[in-house]
Amino acid sequence: MIIIGELINSSRNSIANAIRDQDIEAIQKVGLDQWKAGAKFIDVNAGTFDDKEPEYLKWLVQTVQEVADVSCSIDSPDPDAIESALSVHKGIPMINSISLERNRYENMIPLIAGTNLKVIALCMSDDGMPKTVDDRLRTADRLINRLLQNNLPFENIFLDPLIQPISVDTSFGIEFLNAVEKITTNYRGIHTICGLSNISYGLPARNFINRAFMIQAIAKGLDSAIMNPLNKQLMASIIAAEALIGRDSFCINYIEAYRSEMFDF
Ligand code: THG
């Protein structure tokens, strides 16, 4: 599982305060903790700061990479903010994200075309959020073709079929899961990703729902997620689920994770 740590997001009060105060140590602690817990990318998001987003996103990348040898997932719909963060990023980041919405696609593609960047592609078009498996597949197919035409390597594409809360519509869980299965069978070698915690929005005991959903998504082929890597029960469940679907030869990773006492088994 490719884990993207979600915690440096300005929608969280503690992070919004740290960004406003330019509190380097606070941001570095959250970055470092997630990296040590196993995150391969650290998501950085300053989306609540409108006009200062480009400046703040750049600062977040610099601040995180000063203490951790890790790549960022640059989380913004604004090409100017992404470009600003890219100008200082070391290594290969993830761009979070592009979609099939005309404006968003056309403004973002000059930054991405012909590069080796990893790119999250949201299954969203000008018709709005997807509801069914077919909505997602149609958008996924068009996105993949266009990104390939723009010379982005196939294996750099991370399709996000978009999770919506089951508290809003109880079909949202299964439609997402079936979309992951279709995408991973139709486009072998492509990555699929999600922002896990959206699924449980509006329900009690959210961690319980998140974990149950993650295990099912892994069984359908999901191979990356934007989530909280400091959640030790979730991490243990992922490691167990991956061993169960044959992604962990001789269960070595499971056994090592258990012995490390880093997670809640
Ligand atoms: N897809 C893509 N990008 C995304 C999302 C997506 N980026 C934003 C969001 N969705 C994913 N990021 C977050 C970040 C923080 C939280 C939720 C989603 C969050 N965290 C808990 C909190 O603040 O209470 C803390 C963690 C916990 O308690 O487990 O709410 O869908 N491509």
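Predicted model: local features only at pLDDT ≥ 70, side-chain atom pairs only at ≥ 80, totals over all residues.
Local features are given where pLDDT is at least 70, and side-chain atom pairs count only at pLDDT 80 or more, whereas totals for chains, interfaces and linings use all residues. Residues are numbered from 1 along each chain as its sequence is written, and side-chain values use heavy atoms, with hydrogens and water left out.

We may begin with the ligand. Its surroundings comprise 14 residues, the closest being R12, D75, N96, D160 and N198 (a heavy atom within 4 Å of the ligand). Strands here are DSSP runs of E with at least two residues, and helices are runs of H or I with at least four, numbered from the N terminus. Both β1 and β5 (118-122) supply at least two residues of this shell, and the largest share, three residues, comes from β1.

A polar side-chain atom of D160 lies 2.7 Å from a nitrogen atom of the ligand, and one of N96 lies 2.9 Å from a ligand nitrogen atom. From G195, a polar backbone atom is 3.4 Å from an oxygen atom of the ligand. Of the 670 Å² that the ligand exposes when taken alone, the protein buries 68% (Shrake-Rupley method, 1.4 Å probe).

S10 is found in the loop joining β1 (2-9) to α1 (13-20). This residue counts as buried because its relative accessibility is 4%, the limit being under 20% with a 1.4 Å probe and protein chains only. Beyond neighbours within four places in sequence, S10 contacts I15, A16, I19, N45, A46, G47, T48 and F49 (heavy atoms within 4.5 Å).

How values were computed. Buried < 20%, exposed > 50% of the residue type's maximum accessible area, 1.4 Å probe, protein only. Polar contact = N/O pair within 3.5 Å; in protein donor to acceptor, adjacent residues only side chain to side chain.
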